[in-house]
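Please have a look at it first.

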Amino acid sequence: MESIRIETVEAILVDLPTIRAHQLAMAVMQRQTLVIVRLRCSDGVEGLGEATTIGGLSYGEESPEGIKLAIDTYLAPALVGQDATNARAALARLEKVARGNRFAKSALETALLDAQGKRLDVPVATLLGGAVRSRLPVLWTLASGDTARDIDEAEALLQSRRHNTFKLKIGRRDVASDVAHVSRIKQALGDRARVTVDVNQAWDEAEAAGAIARLEAAGVDLIEQPIPRANLAGMARLAARFVVPIMADEAVCTPEDALDIARLGAADVLALKIAKSGGILEMGRTAAVGDAAGMALYGGTMLEGSIGSVASAHGFATLPRLAWGTELFGPLLLKDDIVAVRPVYDDFSLELPAGPGLGLALDEDKLAFYRRDRAAARGA
């Protein structure tokens with residue numbers, strides 16, 4: 001029997017408008033850029049993948065433009081002609097071709113798994129051993145920066161039963177202003193909703209100690225990455241000092257990172273992301289280390305669109321424990337989409353698509369409209 005080979009790999013930059021400005025400690029987003037991967041195989045099956053970053057290069061070492069360049073120049077040529085049914089072997093080959101570049105590798109792995117799921121007529125989660133949950137709790141980020149507006153937004157989302165956990169992105173303003181902003185929102189929502197904060201490494205340890213004490217007193221439920229990721233010793237001191245859980249995000253990418261955090265006691269919770277892990281399979285290894293060490297797990301996001309968010313959902317759905325749910329709200333932040341049927345959010349959760357592969361199909365007209373190369377040709 002002739003083997004099935006990878007024939008072509010295309011990486012496409014897609015710029016989608018957001019429903020509002022999205023403020024983070026390191027950037028203010030007015031749109032989101034996705035790198036969409038289309039991987040075509042000799043049996044006619046196509047796999048889809050996505051790589052997305054937050055604020056271009058402001059979050060980390062990979063940008064959308066750099067991801068496309070890495071795929072086009074180095075990674076795609078290494079994949080063409082390889083066995084399309086063996087994702088692990090293909091990824092092992094990529095490790096020899098390029099160091100790092102985890103976001104790019106994650107998108108390619110997703111495309112390989114999507115194609116194999118379609119080929120076998122099973123969901124990606126089934127390829128990973130099977131889903132233990134068909135729905136994933138999803139929080140929403142209140143990131144307008146305006147306290148009254150954020151409270152109104154949270155109240156509406158509670159009423160519609162779309163979200164009952166809210167994350168606040170802080171760190172752009174002075175500590176006192178941020179603490180006051182968060183405290184007023186938590187006071188307004190009370191016990192009806194969880195409120196967490198994400199500092200995105202913006203504080204030093206002294207600032208963090210004072211701020212966390214006040215946030216803990218206000219009833220905040222979780223503190224995410226309060227200080228720079230390299231300061232694991234400082235994270236450990238904060239985790240030991242406070243009852244409110246401390247979560248590592250930027251500080252954990254690999255299983256080795258998770259092991260270091262566990263050894264130091266530098267976090268109570270680990271934020272998992274398939275992009276920063278280099279794919280769903282490596283995310284699973286990192287999750288296993290954290291789980292074995294007694295840390296709670298949380299399904300994070302790079303604010304991916306539907307393809308990347310659903311890929312993450314398939315991975316997170318297979319984890320035995322996921323105490324803190326997920327933040328896979330990326331598609332909800334977008335005014336428009338490039339998939340034919342958008343993911344379903346209700347009852348405070350995301351429904352895992354049931355179709356083969358990721359369970360998604362492209363809207364070719366929308367893709368053509370939003371892809372950057374054609375938009376540039378139109379003079380947009």
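Which residues on the other side of H2 are exposed? They are Arg88, Glu95 and Lys96, where exposed means over 50% relative accessible area, buried under 20% and partly exposed in between, with a 1.4 Å probe and protein chains only. Before I go on, this is a predicted model, in which local features need pLDDT of at least 70 and side-chain atom pairs count only at pLDDT 80 or more, whereas totals for chains, interfaces and linings use all residues. Residues are numbered from 1 along each chain as its sequence is written, and side-chain values use heavy atoms, with hydrogens and water left out.

Helix H2 covers residues 87-97, and its buried residues are Ala87, Ala90, Leu91 and Leu94; helices here are DSSP runs of H or I with at least four residues, numbered from the N terminus. Seen down the axis, these buried residues fall within an arc of 95 degrees, so they line one face of H2, the arc being that of the directions from the helix axis to the C-beta atoms. Their cover includes helix H1 (64-79), helix H3 (102-120) and helix H11 (280-292).

Turning to the domains, the assignment, which is an automatic or database one, gives domain 1 (5-122 + 362-372) and domain 2 (127-351). In domain 1, 44 residues are in contact (heavy atoms within 4.5 Å) with 49 residues of domain 2. Between domain 1 and domain 2 there are 2 salt bridges, meaning a side-chain nitrogen of Lys or Arg within 4 Å of a carboxyl oxygen of Asp or Glu.

Key:
Helix = DSSP H or I, 4+ residues; strand = E, 2+ residues; numbered from the N terminus.
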